[in-house]
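Open the model in your viewer and keep the selection panel at hand. Each stop below says what to select and what is there.

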Amino acid sequence: MMSRVLSVIVGLALLFVLEPGLASPGVDAVTVTSNPQGGQTYSVTLQILALMTLLTLLPSLLLAMTSFTRIMIVLSLLRQALGTGQAPSNQILLGLSLFLTIFIMMPVFERVNTEAVQPYLEEKIDPMTAIKVASEPFRQFMLKQTREADLEMFIRISGKAELKSADDVPFSLLLPAYVTSELKTAFQIGFLLFLPFLIIDLVVSSVLMSMGMMMLSPMVISLPFKIMLFVLADGWSLIMEMLAASFYVN
């Protein structure tokens with residue numbers, strides 16, 4: 001599974017960084033120019049600069065076009081609701097979010113690999129055709145998760161009211177609309193996760209107030225009860241199942 005994902009990522013990197021009119025498959029890194037005095041001047045071409053720039057942006061684009069944003073925010077809010085501080089750590093949450101994203105996005109990655117990356121690597125299609133084919137699975141996934149109100153807002157702001165259907169929406173509008181929808185969905189899920197733990201905090205706080213224990217922090221007492229409730233309810237499995245299902249029921 002990981003080798004297939006890496007193949008898709010490398011293929012997408014090749015698709016996005018190669019220019020449409022590039023005649024040869026290689027990219028010249030250094031240009032050597034002879035001057036009248038017999039010396040030589042070495043210069044880095046604009047292609048390699050564009051290559052390095054786009055490679056730094058590619059991970060951000062892939063994360064913004066996948067389920068990673070929603071998963072990471074929900075897990076971070078869950079940690080705050082539990083009140084466990086830095087447990088689990090940020091590294092654990094990032095790793096869990098990444099591998100759950102790979103699991104959810106695997107159908108999209110498989111389509112991109114089959115329909116765009118492999119034909120391009122086999123030189124059956126040109127770079128521009130490969131980019132167009134590779135963007136279609138991501139477009140369908142993002143459109144399915146994007147709220148119409150968010151998409152209409154960005155269309156209205158951009159002044160492109162002439163767009164007839166969602167298929168005509170460019171990525172420059174679809175991407176911010178998708179991220180905005182993901183943020184809304186993540187915070188809605190986080191609100192629902194907060195409710196049971198908030199009730200425990202209120203109950204513990206009320207009991208301590210009635211007993212006159214003003215100086216004892218309710219968080220110290222409620223934390224073991226929240227952890228016990230989360231473990232008894234098999235919370236991690238429920239959270240993972242809920243996050244994965246939220247991308248397929250829409």
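Start with the whole chain. Buried residues make up 36% of its 250 residues. Here, buried means under 20% relative accessible area, exposed means over 50%, and partly exposed is in between (1.4 Å probe, protein chains only). The model is predicted: local features need pLDDT of at least 70 and side-chain atom pairs count only at pLDDT 80 or more, while totals for chains, interfaces and linings use all residues. Residues are numbered from 1 along each chain as its sequence is written, and side-chain values use heavy atoms, with hydrogens and water left out.

**Whole chain**

Colour by pLDDT, the predictor's confidence in each residue, from 0 to 100. The chain averages 76, and 75% of the residues score at least 70. Now select residues 13-27. There the pLDDT is below 50, yet the stretch has 22 contacts in the model beyond near neighbours in sequence. A contact means heavy atoms within 4.5 Å.

Switch to cartoon. The chain has nine helices and two strands. Both kinds of element are DSSP runs numbered from the N terminus: helices are H or I with at least four residues, strands are E with at least two. From the N terminus on, the order is α-β-β-α-α-α-α-α-α-α-α. Of the contacts with a separation of 6 or more, 70% come from residues 24 or more positions apart.

Show the surface. The accessible surface comes to about 14600 Å², and 69% of it belongs to carbon and sulfur atoms. Areas come from the Shrake-Rupley method with a 1.4 Å probe; for residues, only the protein chains shown count as cover.

**Helix 6**

Select residues 148-158, which form helix 6. Which of its residues are buried? Asp150, Leu151, Phe154 and Ile155 are. They sit on the same side of helix 6, because they cover an arc of only 135 degrees around the axis. The arc is that of the directions from the helix axis to the C-beta atoms. Turn to the other side: Glu148, Ala149, Arg156 and Ile157 are exposed there. The buried residues pack against helix 5 (127-145) and helix 7. Step past the end of helix 6 to Gly159, which follows with a positive phi near 80 degrees.

**Salt bridges**

Side chains of opposite charge can pair when their charged atoms come close. A salt bridge here is a side-chain nitrogen of Lys or Arg within 4 Å of a carboxyl oxygen of Asp or Glu. The structure holds four salt bridges.

Asp150 is buried at 2% relative accessible area, whereas Lys184 is partly exposed at 39%.

Next, select Glu182 and Arg70. Their closest N and O atoms are 2.6 Å apart, in a salt bridge. This pair also links distant parts of the chain, 112 residues apart: Glu182 in helix 7, Arg70 in helix 3 (residues 68-82). Are the two partners buried or exposed? Glu182 counts as buried at 0% relative accessibility, and Arg70 is buried at 1%.

Move to Glu115 and Arg111. Here the closest N and O atoms are 3.4 Å apart. Both residues lie in helix 4, four residues apart, about one turn of the helix. Glu115 is partly exposed at 35%, as is Arg111 at 31%.

**Along helix 4**

Go on to Tyr120 in helix 4 (residues 90-121). Tyr120 is buried, with a relative accessible area of 14%.

**A nonpolar patch**

Select Phe191, Leu192, Leu195, Leu198 and Leu202. Together they make a nonpolar surface patch of about 500 Å². Patches are made of residues with over 30% relative accessible area and no salt bridge; like charges are joined within 9 Å, nonpolar side chains (Val, Leu, Ile, Met, Phe, Trp, Tyr) within 5 Å. Leu202 is in helix 7 (residues 171-210). Leu202 is exposed, at 52% relative accessible area.

**Last stop: Asp234**

Select Asp234, in the loop between helix 8 (218-232) and helix 9 (235-246). Asp234 has a positive phi of about 55 degrees although it is not a glycine. Most residues other than glycine have a negative phi. Asp234 is partly exposed, with a relative accessible area of 43%.
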